[in-house]
Amino acid sequence: MTLLTGLRDWIAGFLGEFLATWLLGAALIMTFLAFNVLFLVLAERKLAGHFQRRVGPMEVGPHGSLQSIADMIKLLGKQILTPVATDRFVYLLAPLLVFLPTLCVASLIPLTGAEAFANQPYGLLVIVALSGVTVLSIFMAGWSSNNKYAVLGGMRSVAQVIAYEIPVLLAALSVVMIAQTTNLRQIVEAQANTHWYVLYQPIAALLFFIGITAETNRAPFDIPEAESELVGGFHTEYSGMRFAMFFFAEYTNMLVLGALGATLFLGGWLGPWLPGPVWLLLKTYAVIFVLIWVRWTFPRLRFDQLMSFAWKLLIPVALLNLVITAILVHGVG
Amino acid sequence: MTAQTPTLTAEPLDTYTLNMGPQHPSTHGVLRLVLTLRGEKLVHVDPVIGYGHRGHEKMAENRTYAQFLPNTSRQDYLSGVIYNNAWCEAVEKLAGIAVPERALVARVILAEFNRLASHLMWIGAYLLDLGGWTPQLYTWDDREAILFLLESVTGSRLTYCTGRFGGLSRDLDADFPARARVVLKKLKDRWQEYEDLVEGNVIFVQRTRGVGIFTKEQCQSYGVTGSSLRAAGVAYDVRKVEPYGAYPRFQFDIPTRPESDAFARYWVRVQEMKQSVRIIEQALEQLPDGPILTERGLGSKKRLKLPVGTQYYAVEAARGAYGILLVSEGGTEPYRAKFRVPSYANLAVMQDVMPGYMVADLVGILGSIDVIIPEIDR
């Protein structure tokens, strides 16, 4: 940490204190997220392999551990195609925009009690607001590709994310009710005094998990990119690094939403012996492991079933849970 | 099944055309579907076939009966043994060639193993269509065991050509029954797992129940056969209705289900696999000793001239009734060979069934019918 502080002070010498912190933080987060994607892709392929009685990648590096790097180099080397009929400006903008919201959200997750890149009093609200923006670039990608499969994928994505953001928000709200704050750091600190909120709010935790599965477009809710129906969904027409951007965003989104889940329900950085950020990472990866596990176990829902599941089951249950929480919090506490 | 795309001028403004295939991950080969959609709802489905046309029927007219043998297993590449046997049996029947007992039973064993392999492959591919990736690896693991077994007898893994006029070209090894029983045991151990993980899966049941229903009348008018017909409640199986080969000796049931939806088709196929196992077990018990081939080289050009006549011969292939119409004018080559393939009729019924469902269901229904495009195109 002293090294980082030194680096920041050195940059602050010619750029000013505010800009130095901002730049350094952004660079750190970007670097971490990039490595995280490399790790997650490998983890997903390895785990999927073992779920399927295979061994997964084995060729590149010891036990296939460098496979992600080989994949990355392959994607970098691929030709970037732009179909003639696209809406060029939007088509080029979409892959650049797609991971900006996730990047912002990543900076808002508190790593420890002492250190956090941003300590926002309304952290949770900002996160929910920002993560809703991701869908915009997905729809931009689908629409501008001028491909019917991509448009279908984009439209499905919008409908799905809007539907599933509501139970996620309601589940988060019931945590807010107990913690009496929307500041993520204070939510974690509140869990230090009592138990993890997953014990108080098991239903909310489950709803939150289902919600983030849908928001990250993962099976059984992967209909925006349903391969057997829509070929590649919204990213059908993207190749090379532009495709990799969407890929990058998807896995980053998994990490960020997993970390949010760990913060809200699993006590964030709290834990004995190990430093705070390590605990947070462990819990996040535990959530992601379940996400991967679910993906390689279940078939895909149909679009209308997916929507009615959200609107007719998840949202009423989430509302009911919220009301009961409100009564308990105000009646008891 | 016309090959015409709806013209743009004729198209109403609230619908659009989506060209699905011929290169699409879930059209199972080079099938092209011209879909007219309203939102995600199907208004009209127009299957376009013929991308893999190789002229099998014309080829048959220019080759001797024996030379055409390898072609048969390239029509339906997933149940090659059954097609191969059917061609041999059709020629044998027209020429009046006697087949040794051992060969008759061995043909049944190989054909049923092939049917099992085909159905296993279908289960995996179907769940893949529905978005479940993992089951495929498990069913293919079972299929692999069967392929090893078939390879040890026929020498090939997919496009088998072991049938000869008057028997089989190779005999079953002495340890074949033992190895076959090991494979059967492995299969039987897996049934429960499939039932728990697939039939017990809420999402799978939701995706398949009440989806892709066609009536008995539709089946009749289009000529739907095989598992799709049995899932519509009609107990029609060529092995029972017009028994051929050694089938009359074995006890087996025809599983049927009245619902006629995708789930019923899945269920019927799984039950059929159990019946196949039953047939193989009986056949292994009853496998007689003796020669496997009446006479070697019977199919050679000098010797095999079929008498003048017309012969229709039908078998139950993995996808339904497969028929061969053989017209001979006394030469070494058939005057005409016409193949009745099950997938053609099974696909044709689709354009009546599909409208009203969603795009996601299209994949689910097409998969549940289990079409093999090369046999339609031939």
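Predicted model: local features only at pLDDT ≥ 70, side-chain atom pairs only at ≥ 80, totals over all residues.
Residues are numbered from 1 along each chain as its sequence is written, and chains are lettered from A in the order in which they are written. Local features need pLDDT of at least 70 and side-chain atom pairs pLDDT 80 or more, while totals for chains, interfaces and linings use all residues.

**View 1. Helices α5 and α6 of chain B.** α5(B) spans residues 134–154 and α6(B) residues 176–199. (Helices are DSSP runs of H or I with at least four residues; strands are E runs of at least two.) Their axes, fitted to C-alpha atoms, come within 11 Å and cross at roughly 165°. That makes α5(B) roughly antiparallel to α6(B) (angle over 145 degrees). Among the residues that meet are B:Ile146 and B:Leu149 in α5(B), and B:Val183 and B:Leu187 in α6(B). (Contact means C-beta atoms, placed from the backbone, within 7 Å.) The contact holds 10 nonpolar, no polar and four charged residues.

**View 2. The largest nonpolar core.** This core has 191 residues. (Its members are buried and joined through C-beta atoms within 7 Å; buried means 20 or more other C-beta atoms within 10 Å.) Helix α4 (residues 101–129) of chain B gives the largest share, 18 residues. B:Val108 is among the residues with the most contacts inside the core. Beyond four places in sequence, B:Val108 touches B:Gly245, B:Ala246, B:Tyr247, B:Ile279 and B:Ala283.

**View 3. Where chain B meets chain A.** Chain B gives 27 residues and chain A 24 residues. On the chain B side, β1 (16–20), α4, α5, α7 (202–208) and α14 (359–369) each give two or more. That side has 15 nonpolar, seven polar and five charged residues.

Technical notes. Axes fitted to C-alpha atoms, helices over the stretch in contact; angles between N-to-C directions. Parallel < 35°, antiparallel > 145°, perpendicular 65-115°, else oblique. Contact = placed C-beta atoms within 7 Å. Nonpolar A, V, L, I, M, F, W, Y, C, P; charged D, E, K, R; others polar. Buried ≥ 20, exposed ≤ 12 C-beta atoms within 10 Å, placed from the backbone.
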